[in-house]
Amino acid sequence: MHSWYSIFPKSPWLSIYAWVVFCILPFFYILRSASPMGLLIGFTLLVFFFLSYYFSVKSDSGLMYMWISFEIVITVLMTLLFGYVYLSIFIAFFIGNIRNPVGFFIIYGLHIAILIGAVVAGFFIEIKLFLPQIHFIILAIIGVVLLPFNLYNRQKRDRLQDQLVHARQRISELTIVQERERIARDLHDTLGQKLSMIGLKSDLAVRLMDRDIESAKAEIHDIRQISSTALKEVRVLVSGMRRVKLKDELVRVEQLLKAAEIEIEHEGDPNFPDMSPIVENVLVMCLKEAINNVVKHSYAKHCCIVFERTEKEFRIIVKDNGIGIAKNGVNLPGNGLDGMEERLEFVNGKLSISSQEGTQLKITVPAVLKQIKEG
């Protein structure tokens, strides 16, 4: 799940420059003060503001509201003493990341009312500090009004997206468990009795080998017939397995990436006609996990999925232009790479990862695993 709070939005570079400006700009307003006492008060207020901002990020919900109150008080003092109202942008950004709806609306309303009151009071106290920057003050107030709602809705959408991904994963896991149980029951019903019979007839053939060779041959012939019948039944069972198609999963993948506002393109044909149901199910699960990683961890804007069929292997490549994976995913917890490798190991496949200008996952499975009916 995503952390409910992050210092910078998902598109960081322009935001970082904006925050740097907002951090430096108050010093310009403070330095306009001619008196040493004004400088001391201004720098002290800034130090207390950023300390309060830091502690509000690190605090629990109860203490968080106390630190936000300190920030609002400091913003009012900076507004009245130096005409600097733009610290309110920091507070607005933080308010937008409050998860509790009641706490959000209370702090949001108080912040706007106090800020507008401080600006109006500032015009009456010393109009020359505010009149030259009236247009910037109006823009700041509009930002204070709109920014928290934008961030609050984005956080809500991200939480819903995480819940959707988690629900999809849970459904997939339950589907796998249900399918395994069904296969186990079918295999037990299909092979249990016949394997027991093969074991009994094998023991009988061994005992008859020294004293009645013809009877022993007859038992061995029966064993061969029973094993042939069992093999045919297994072929029927496997051919009737519930098969998840790559092309169907690709449709769901496109929907998930579009919901996450990630541009998607795919190359190649996801239809591999000579692939066994087991291999295709494994590749579907690996593709699902790879796309979940892109949505949850990459911060990418573009994702490309490539389907390739060579003479020796099936290959799926998932490429994104996100932040990459440190050390190519080594010792990285919680991203499902271990689970993908375990699934691929079951069908002699392999997973390779490269992280350069984004992340590339290459999933390969040998093409020798074809339908059992061809064996």
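The structure is a predicted model, in which local features need pLDDT of at least 70 and side-chain atom pairs count only at pLDDT 80 or more, while totals for chains, interfaces and linings use all residues. Residues are numbered from 1 along each chain as its sequence is written, and side-chain values use heavy atoms, with hydrogens and water left out.

Helix α9 spans residues 246–259 and helix α10 spans residues 277–298, where helices (H or I, at least four residues) and strands (E, at least two) are DSSP runs numbered from the N terminus. The two helices pack at an angle of about 10°, with their axes 10 Å apart; axes are lines fitted to C-alpha atoms, for helices over the stretch in contact, and angles run from 0 to 180 degrees between N-to-C directions. This makes α9 roughly parallel to α10, given that angles under 35 degrees count as roughly parallel, over 145 as roughly antiparallel, 65 to 115 as roughly perpendicular and the rest as oblique. On the α9 side the contact (heavy atoms within 4.5 Å) is formed by L246, E249, V253, L256 and L257, and on the α10 side the residues include L283, L287, I291 and V295. By class, the contact of α9 with α10 has 10 nonpolar, 1 polar and 3 charged residues, with Ala, Val, Leu, Ile, Met, Phe, Trp, Tyr, Cys and Pro counted as nonpolar, Asp, Glu, Lys and Arg as charged, and the others, Gly among them, as polar.

Helix α10 also packs against helix α11 (residues 337–346), and here the axes come within 10 Å and cross at roughly 165°. The helices α10 and α11 are therefore roughly antiparallel to each other, and α10 passes α11 in a left-handed crossing, meaning that the near helix is turned anticlockwise from the far one by less than a right angle, whereas clockwise would be right-handed. The contact draws on I278, V282, L283, M285, C286, E289, A290 and N293 of α10, together with L337, M340, R343, L344 and F346 of α11. These residues divide into 10 nonpolar, 1 polar and 2 charged.

Within α10, M285 counts as buried at 15% relative accessibility, where buried means under 20% relative accessible area, exposed over 50% and partly exposed in between (1.4 Å probe, protein chains only). When residues up to four places away in sequence are not counted, M285 touches S172, I176 and R343; the C-alpha atoms of M285 and I176 are separated by 9.7 Å, although these residues are 109 residues apart along the chain.

A search of the whole structure finds 0 disulfides, a disulfide being a pair of cysteine sulfur atoms within 2.5 Å. The sulfur of C304 is 7.2 Å from the closest cysteine sulfur, in C303, which is too far for a bond. Both C286, with a relative accessible area of 0%, and C304, at 5%, are buried.

Most residues other than glycine have a negative phi. Y299, in the loop between α10 and β2 (302–309), has a positive phi of about 55° although it is not a glycine, and is partly exposed at 43% relative accessibility. N348, in the loop between α11 and β4 (350–354), likewise has a positive phi, of about 60°, and counts as exposed at 58% relative accessibility.
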